[in-house]
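Here is a friendly walk through the rings and the strands of this model. Please have the sequence and the 3D view open as you read.

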Amino acid sequence: MKLLAVISQHGLGHLAQAAPVLNAVRKLQPGLALTIWSGLSQAALQARIEGPFELRAEAADVGLIMHDAMRVDIHASHAAYQAFHADWPARVRLEADWLRARGFDRVFADIAYLPLAAAAQAGIPSVALCSLNWADISQAYLAGRPGMCAIFDQMQAAYAAADVFLQPTPAMPMPQLERRQRTAPIAASGRNRRQELLRKLALAADVKLTLLGFGGVAYQGKGRLPAIDGVVWLTPDDWSQDEGIPRRDRISFAQTGLPFMDLLASSDALITKVGYGSFVEAAAHAVPVLYLDRPDWPETPYLAEWLLQHANAARIDESVLFSDHLATSLNTLWQQPRKAAVETSGAEQAARHLLAR
């Protein structure tokens, strides 16, 4: 089978959903000829997607333009959508011609809608998968802006053109999509390498490894992580809040030499923002979560309700991250009876849907 997979570049959450599905498809179809269309780097894609693929290295959608992991740039997002939808019918025709010329058998999108519109025009089966869609998300921020009503209509029509829209649990309701279908949660698996990590970093056996991850979008919160007795912070490589001051209790991802999923599986807690990938991956490894609230993000009530039900988790305000109150929040989390890991079989379900089209 010749498959085109289109992955949104808005952070790494869409890759976290799409990669397990593609890996499951490859197991079922070892001869899979895979092309990835994404604005994500080849290194980021290769870190999650098994086996060879050809890359069309450009963005296939807008998503949202972000000031940082927590804050949307409304003005830039509006301008980006206007540019992306300029002469929309011609753009769809151009991409439909490209799909036909490449001879793809299927199109899989998480959750770029341009390829779905093009696949429908080219007569190629398509499957969308995501816990959200950009029409709902963009309307939450851009409703009432000039020209957006027509753009929302084009987005909705493109999503409706997919043969099926798979919603991995937990997901937004999306009642406007008649061909929607739920799947079980989707998450990649990591290996607990805690003992190896402790030896490599010369850390005490009883240390609490606390991972900070914001879904691949740079975070620019103001402040300095507090020093907490017995806690070691595992932070993204671009984390710069300590103003160049060396700290024995803060270790970058690069220093560990381990992939993110193995770090997660080896950690005592995850601190993150609201997001599908972080929430479900943590729950799948029974890792407790402190999450920074995002009351403006449309997914928040659905993801947060699910996480609080299925994992050891608590909401914190962004200011707590850089205060002494963080120690209390972590200790309260660690004192909870540990919930069992969540079962994730959604990738295999989605793979079977994709192959059945």
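## Rings and strands

Phe 84, Trp 88, Tyr 113, Tyr 159 and Phe 165 are joined into a cluster by ring pairs. Rings of Phe, Tyr and Trp (its six-membered ring) pair if their centres lie within 6.5 Å, with planes under 30 degrees apart called stacked, over 60 edge-to-face and the rest tilted. This is a predicted model, in which local features need pLDDT of at least 70 and side-chain atom pairs count only at pLDDT 80 or more, while totals for chains, interfaces and linings use all residues. Residues are numbered from 1 along each chain as its sequence is written, and side-chain values use heavy atoms, leaving out hydrogens and water.

The ring rule gives 12 aromatic pairs. In one, the centres of Trp 98 and Phe 104 are 5.5 Å apart with planes at 55°, so this pair is tilted.

Two charges sit over rings (NZ of Lys or CZ of Arg within 6 Å of the ring centre and within 35 degrees of the ring normal):

| Charged residue | Ring | Distance from ring centre |
|---|---|---|
| Lys 2 | Phe 104 | 5.7 Å |
| Arg 56 | Trp 37 | 3.7 Å |

Now to the strands, which are DSSP runs of E with at least two residues, numbered from the N terminus. Six of them make an open sheet, ordered β12-β11-β10-β13-β14-β15, with parallel pairing; two strands pair if DSSP finds at least two bridges between them. At the edges, β12 (250-252) and β15 (313-316) each pair on one side only. Within the sheet, β13 (residues 269-273) and β14 (residues 289-292) pair in the parallel sense over four bridges.
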